[in-house]
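Please look over the sequence and the model first, then read the points below.

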Amino acid sequence: AGAIVFATAFALPSLTQPAELESGAWAPLVAFGVVRILRGGGWGWTAILGTIGAMPLLAGDPQTALFDVYAAAIVGLSIVLEDRTRGHSLRDACLRLAAAGALALAAAAPQLLTTLAWTTQSARQRGGLSDQAIRPLLSAAARHERLMGFFFRATSADLWYLSIPVIALAAIAMVRGRRLGLVVAMGALATAALGFSRPGTFLFHVYESIPGFRTFRFPVRINFMTTFLAAIAAALGLTALGEERLLATPTRRRTLDGVALAIVLALLVVPYASRWSMPWTAWPADVAPDARFFPSTMRPAPDARVFVPGDSFELRLAVFTRQGMRQHVRVLQDYDSLSARRLGSFLAVVAGIPTPTQFNGTVSSRTIARPDLLDLVAVRAIVAPRSAVPAGHVPGWRKVGTAGALDVYSNARALPRAYVVGRARGRSS
């Protein structure tokens, strides 16, 4: 039942986020390795846990990998308190856990060190985000919707939906599940509460004080830990319920397990249906190239680079990056919080605006104040709102078509390739 809860509340709804899914899928094995070492596992288990522990980082989602570690730590704490581990046994277990952690970091170093090196030049720095950049749930409506999402299903594939019976079993674990159930259930409750944190509240101060948390956006993503710990707590609650005198006979215990499994299947599995069109399930029309993105008569050459609007809804916000990849067109702008700060500074000079403090790969396309700079980065095609293009004739530009409210230009003055510079600054003309 616990595995079903974790699969339907996290894994299946995360199919469209492969990095998050693959990093989170290792959480049960990481926690299992911690439990085995705390209960006497030797150096063999240390090697196994070290290998397993590297996988969430290698999967490409460091935020979920961090949550894996904290979730495993909560499970480990529950085992220590349940087994009353102390003295030499606890010391040896901690030594093996530290060795496993070092092995995991060493195995994941190619991915981890590359990411850390890139963040020194990226728009989002690893030193910590501002309160606004973290993007907590600011509105009361959003927080209420998230709270109700734990209890009631809103769609056929709700992320972090647990259901009332699962939450009830987790509550039983808190009351009747001894130290093990109490710690795991309290961990689920605490992480759920931290997901609602917002600037200026005590919960937000707690959230940002936890090492690593302020590096990442969306505190609500901590509900991954809530789901994982609630799944374990529900299983422990079911076990505790079966140990009650009234239900302790083998026949009644099997009946209880069957009823619980049937309820979980009915509430979590049967109603589930993916709301997303995946490449292997989508209709051909869903994956066909967007005809508004460079109709065939205006399509640039394969080796061309394109300047497109980044905040215009004619092509929908940031959809140009996906269409660019799908149609094999190289796009100057980006759409990622790890985009290089140099790109943001360059695009701001092109637009004639101050360098943005928050940059996710693109800036306003309402003005193109320095069209000549696009020559330097080999932009041979420009898609822009009519009002953005400077009045009069831009040397080298030739209008080749119109796509809705956007005009399409070719640029004959573009250099054959771009130059890579380490430092640059804008100067007024």
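A residue is called buried under 20% relative accessible area, exposed over 50%, and partly exposed in between, using a 1.4 Å probe and protein chains only. The model is predicted, so local features need pLDDT of at least 70 and side-chain atom pairs count only at pLDDT 80 or more, while totals for chains, interfaces and linings use all residues. Residues are numbered from 1 along each chain as its sequence is written, and side-chain values use heavy atoms, with hydrogens and water left out.

**Overall make-up**

- The protein chain has 18 helices and five strands; these are DSSP runs numbered from the N terminus, with helices being H or I of at least four residues and strands E of at least two.
- Of its 429 residues, 42% count as buried.
- The accessible surface of the protein chain is about 22300 Å², and 63% of that belongs to carbon and sulfur atoms; such areas come from the Shrake-Rupley method with a 1.4 Å probe, and for residues only the protein chains shown count as cover.
- A contact means heavy atoms within 4.5 Å. Among contacts in the protein chain between residues at least 6 apart in sequence, 67% join residues at least 24 apart.

**Nonpolar cores**

- A nonpolar core is a set of buried Ala, Val, Leu, Ile, Met, Phe, Trp, Tyr and Cys residues joined through side-chain atoms within 4.5 Å.
- The largest one has 61 residues, and the members touching the most others are L162, F213, F224, M225, F228 and L229. Helix 13 (residues 223-242) contributes the most to this core, with nine residues.
- Apart from this core lies another, of 20 residues, including L332, L347, L374 and V389.
- With neighbours within four places in sequence set aside, L162 contacts V5, A9, G149, F150, I167, T227, A230 and L268.

**Helix 1**

- Helix 1 (residues 2-11) is mostly covered, as seven of its 10 residues are buried: G2, I4, V5, F6, T8, A9 and F10.
- The cover over these buried residues includes helix 2 (18-25), helix 3, helix 10 (164-176), helix 13 and helix 14 (250-269).

**Aromatic rings**

- Rings of Phe, Tyr and Trp (its six-membered ring) pair if their centres lie within 6.5 Å; planes under 30 degrees apart count as stacked, over 60 as edge-to-face, and the rest as tilted. The count by this rule is 10 aromatic pairs.
- F32 and W45 form an edge-to-face pair, because their ring centres are 5.6 Å apart and their planes stand at 75 degrees. F32 lies in helix 3 (residues 27-38) and W45 in helix 4 (residues 43-58), 13 residues apart.
- F32 is partly exposed at 42% relative accessible area, and W45 is partly exposed at 23%.
- Y70 and F213 are also edge-to-face, because their centres are 5.2 Å apart and their planes are at 80 degrees. This pair joins helix 5 (residues 62-83), which holds Y70, to the loop between helix 12 (202-209) and helix 13, which holds F213, 143 residues apart.
- Y70 is partly exposed, at 24% relative accessible area, whereas F213 is buried, at 3%.
- One aromatic cluster is formed by F6, F10, F224 and F228.

**Strand pairing**

- Two strands pair if DSSP finds at least two bridges between them. Strand 4 (residues 397-403) and strand 5 (residues 406-411) pair in the antiparallel sense over six bridges.
- W397 has N411 in strand 5 as its bridge partner.
- The hairpin of strand 4 and strand 5 has two residues between the strands, and G404 there takes a positive phi near 65 degrees.
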